[in-house]
Amino acid sequence: MIFLSRWPLTYTYARGWRQGQAAVKRLALVSLAFCCYGGPRRSCNDRPQASDASSWHGRGCRRVSRDSRHPTPNELLGPFYPVRKPTDRDADLTHIAGRQGQATGQVLELSGRVLSTSGEPVPDARIEVWQANAAGRYRHPSDTTGLPLDPNFEGFCQIATDRTGGFKILTVKPGGYPGGRRGFRTPHIHFDITGRVERLVAQMYFPGEPTNATDQLLLANIDPPSVIAHELPPRADGVLRFGWDVVMRLG
Ligand SMILES: [Fe+2]
């Protein structure tokens, strides 16, 4: 009798328990599916923005943590890394110490920051910069193109980032040049950056250059948008301004 009188209550408890278990299972399955799915899909080509809650990393389209940045792709030094570096190592490539003249070509100011993938500035990083002159000629014995040299163009500078990772140089827009078996090289500037724990060699390109579309090295770059500078409003004196940030894995 006692068993029979408690049966409806026992049955109700058991039914509620099974329903609760089923609800927990459904919730667990939904949570698992969301974690595996990773939320709304985006293309691998979507470049992460600084404000993004997540970003997509490398060819594998791997999701990485909040605020992470793509490392700037590493490249070779190339054939025109200076064999003799000038003693004049300021941030102005348009003048050579002891000479009155100014380099020929469109003067431009390039500024940016050196950051780690976690967004931390890399202070006191050594930056070496070298490039062709406005006619596309390097001051280097391996440059046999016959293009004209510019006696007033420095072609190289060595600077250091400030405590915010910032840097700025004044130079002229480099010309493109015939790159041998690699074909015509679109205008670019070479960088060799030594941070606290690593070194990065990179090339920076200019936006809107028609020859960007055929440059074999730029096309072979694993992340072309990351090595193309962005144009900023020009200075009042007509000097063009470009911005480009460099991202090192650790800094
Ligand atoms: Fe070059």
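Modeller: Strand E10 is mostly covered, with 5 of its 7 residues buried. A residue is buried if 20 or more other C-beta atoms lie within 10 Å of its own, exposed if 12 or fewer, and partly exposed in between, with C-beta atoms placed from the backbone. Strands (E, at least two residues) and helices (H or I, at least four) are DSSP runs, numbered from the N terminus. This is a predicted model: local features need pLDDT of at least 70, side-chain atom pairs count only at pLDDT 80 or more, and totals for chains, interfaces and linings use all residues. Residues are numbered from 1 along each chain as its sequence is written.

Colleague: Which strand does E9 pair with, and over how many bridges?

Modeller: E9 pairs with E10 in the antiparallel sense over 7 bridges. Two strands pair if DSSP finds at least two bridges between them. The two strands form a hairpin with 4 residues between them, and His190 has Gln203 in E10 as its bridge partner.

Colleague: What is the strand order of the open sheet?

Modeller: The order is E5-E4-E9-E10, an open sheet of 4 strands with antiparallel pairing. E5 and E10 stand at the edges with a single partner strand each, so one side of each is left without a neighbour in the sheet. Neighbouring strands are turned by 20 degrees against each other on average, direction ignored; the axes are lines fitted to C-alpha atoms, for helices over the stretch in contact, and angles run from 0 to 180 degrees between N-to-C directions.

Colleague: And how many bridges join E4 and E5?

Modeller: E4 and E5 pair over 5 bridges, again in the antiparallel sense. Trp130 stands opposite Phe156 in E5.

Colleague: What does Met204 touch, leaving out residues up to four places away in sequence?

Modeller: Met204 touches His188, Ile189, Phe191, Val227, Ala229 and Trp244. Two residues are in contact if their C-beta atoms, placed from the backbone, lie within 7 Å.

Colleague: Back to E3: which strand does E3 pair with in the parallel sense?

Modeller: That partner is E12 (residues 240-243), joined to E3 over 4 bridges. Leu110 has Phe242 in E12 as its bridge partner.

Colleague: Where does Asp124 lie?

Modeller: Asp124 lies in the loop between E3 and E4. Its phi is near 60 degrees, a positive value in a residue other than glycine. Asp124 counts as partly exposed because it has 13 C-beta neighbours inside 10 Å.

Colleague: What about Asn221; which residues is Asn221 in contact with, leaving aside neighbours within four places in sequence?

Modeller: Asn221 is in contact with Pro73 and Val227. Asn221 is placed in the loop between helix H2 (216-220) and E11. With 19 other C-beta atoms within 10 Å, Asn221 is partly exposed.

Colleague: And which strand holds Phe184?

Modeller: Phe184 lies in strand E8 (residues 184-185). Leaving aside neighbours within four places in sequence, Phe184 is in contact with Gly176, Pro178, Gly179, Thr211 and Thr214.

Colleague: Finally, what pLDDT does the chain average?

Modeller: The chain averages a pLDDT of 81, and 73% of the residues score at least 70. The pLDDT is the predictor's confidence in each residue, from 0 to 100.
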